[in-house]
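Colleague: I would like to go through a model and learn how to read its local features. Could we take them one at a time?

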Amino acid sequence: MVGSLPPEIGKLKAATLTDLSMNQFSNGIPREIGGLQNLENLSLRQNKLQGAIPDSMSNMVGLEFLGLSHNNISGIIPKSLEKLQNLKYFNISVNKLYGEIPSRGPFKNLSSQFFIHNEALCGSSRFSVPPCHTSSKHRSNRKKFLVLFLLLVIAVVFVPMTFVLLWIMYRRGKRSPPQAESLSTVRRERISYNELLQAADGFSEGNLIGFGSFGSVFKGILRSGTAIAVKVFNLRLDAAFKSFDTECEVLRSLRHRNLTSGRG
């Protein structure tokens, strides 16, 4: 079978076993699947599924067997899956997952073989993965770098607006001091982290517009009505810093009328 898993799969309320393994299903796992609270055995291994593991799967309280191995699933393992107290088998090997492996609930008894061959998983040594870097010093430094990068993204949005205003003033020959002062205020405007968090609805799944190996991009609207795109790096991955530095270096070397040069 090929194609996408239909959202209607969530209507199979009475099902206790669903085996769709070794097919050609693609795209994401529909969040409606979380409505199957009586399902005990779900196998989706060896398909071409993409996207993240839906957080709604934490509602499948009857689940004992969950096979998602040999797909192209990416993102993090939802920590909410720790609520599945009946889960005895959870195989997500050979995918593109990253981030911390949950350690509570059913994850206490899972084999390290269920997590092999992924993008960049980290966590407890019993899973045979590297430890996650979560020291307060690292978190503080990463937050600073993240805020600086977000400000650069915001600048890319405001600079074209500034150029348009300058062009109109030049054409009309009205370069009065009050207007120049106003433009200077626009260029100096800073957006706080809390404003970005509010604009993107707390970086909710509904505002997610894309993701990669080291972070996700969210859409948002500032209080001024300006639409923005915010990239949030996965702070648990050391490789994210290298990606951050590389992107900053690229932006700093670019020359375009709609881009501001990077400094610092």
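Colleague: Where is H117 found?

Modeller: This is a predicted model. H117 sits in the loop between β9 and β10.

Colleague: What is its backbone like, and is H117 buried or exposed?

Modeller: Start with the general idea: most residues other than glycine have a negative phi. H117 has a positive phi of about 60 degrees although it is not a glycine. Its relative accessibility is 58%, so H117 counts as exposed.

Colleague: Which other residue has a positive phi without being a glycine?

Modeller: Q46 is one, with phi near 55 degrees. Q46 is placed in the loop between β4 (41-43) and β5 (48-49). With a relative accessible area of 32%, Q46 is partly exposed.

Colleague: Now the disulfide. How many does the structure hold?

Modeller: The structure holds one. C122 and C132 form the link, with sulfur atoms 1.9 Å apart. The angle about the S-S bond is 95 degrees, and the link of C122 and C132 is right-handed.

Colleague: Are C122 and C132 buried or exposed?

Modeller: The cut-off for buried is under 20% relative accessible area. C122 has 4%, so C122 is buried. C132 has 15%, so C132 counts as buried too.

Colleague: Next, aromatic pairs. How many are there?

Modeller: The count comes to seven aromatic pairs. For any pair, read the distance between ring centres and the angle between planes. F90 and F107 have centres 5.6 Å apart and planes at 80 degrees, an edge-to-face pair. An angle over 60 degrees is what makes a pair edge-to-face.

Colleague: Where do F90 and F107 lie?

Modeller: F90 is in strand β8 (residues 89-91), and F107 is in the loop between β9 (96-100) and β10 (120-122). They are 17 residues apart, and the pair links distant parts of the chain. F90 and F107 are buried.

Colleague: Which rings form a cluster with F90 and F107?

Modeller: Ring pairs link F90 and F107 with F115 and F127 into a cluster.

Colleague: How do I read the nonpolar core, and which residues touch the most other members?

Modeller: Begin with its size, then look for the members with the most contacts inside it. The largest nonpolar core has 34 residues, and I77, F90 and F115 touch the most other members. Leaving out residues up to four places away in sequence, F115 touches I77, F90, I92, S93, I101, F107, L110, L121 and F127. There is also a second, separate core of 18 residues, including F149, L150, A199 and A200.

Colleague: What about S74: where does it lie, and what is it in contact with?

Modeller: S74 lies in strand β7 (residues 74-75). At 12% relative accessibility, S74 counts as buried. Apart from neighbours within four places in sequence, S74 is in contact with G51, A52, I53, K96, L97 and F211.

Colleague: Last, salt bridges. How many does the structure hold?

Modeller: It holds three. For each, read the N to O distance, then the positions, then the exposure. The side chains of R31 and E205 meet at 3.4 Å, N to O. R31 is in the loop between β3 (24-27) and β4, while E205 is in the loop between α3 (193-199) and β11 (208-211), 174 residues apart. R31 and E205 are both exposed.

Colleague: Which residue does E82 meet?

Modeller: E82 meets K79 at 3.3 Å, N to O. E82 has 12% relative accessibility and counts as buried, whereas K79 has 53% and counts as exposed.

Colleague: And which residue does E195 meet?

Modeller: E195 meets R223 at 3.0 Å, N to O. This pair links helix α3, which holds E195, to the loop between β12 (215-221) and β13 (227-233), which holds R223, 28 residues apart. E195 is partly exposed at 25% relative accessible area, and R223 counts as exposed at 71% relative accessibility.

Notes. Residues numbered from 1 in each chain as written. Predicted model: local features only at pLDDT ≥ 70, side-chain atom pairs only at ≥ 80, totals over all residues. Heavy atoms only, no water. Phe/Tyr/Trp six-rings, centres within 6.5 Å; stacked < 30°, edge-to-face > 60°. Helix = DSSP H or I, 4+ residues; strand = E, 2+ residues; numbered from the N terminus. Buried < 20%, exposed > 50% of the residue type's maximum accessible area, 1.4 Å probe, protein only. Disulfide = S-S within 2.5 Å. Core = buried A, V, L, I, M, F, W, Y, C linked by side-chain atoms within 4.5 Å. Contact = heavy atoms within 4.5 Å. Salt bridge = Lys/Arg side-chain N within 4 Å of Asp/Glu carboxyl O.
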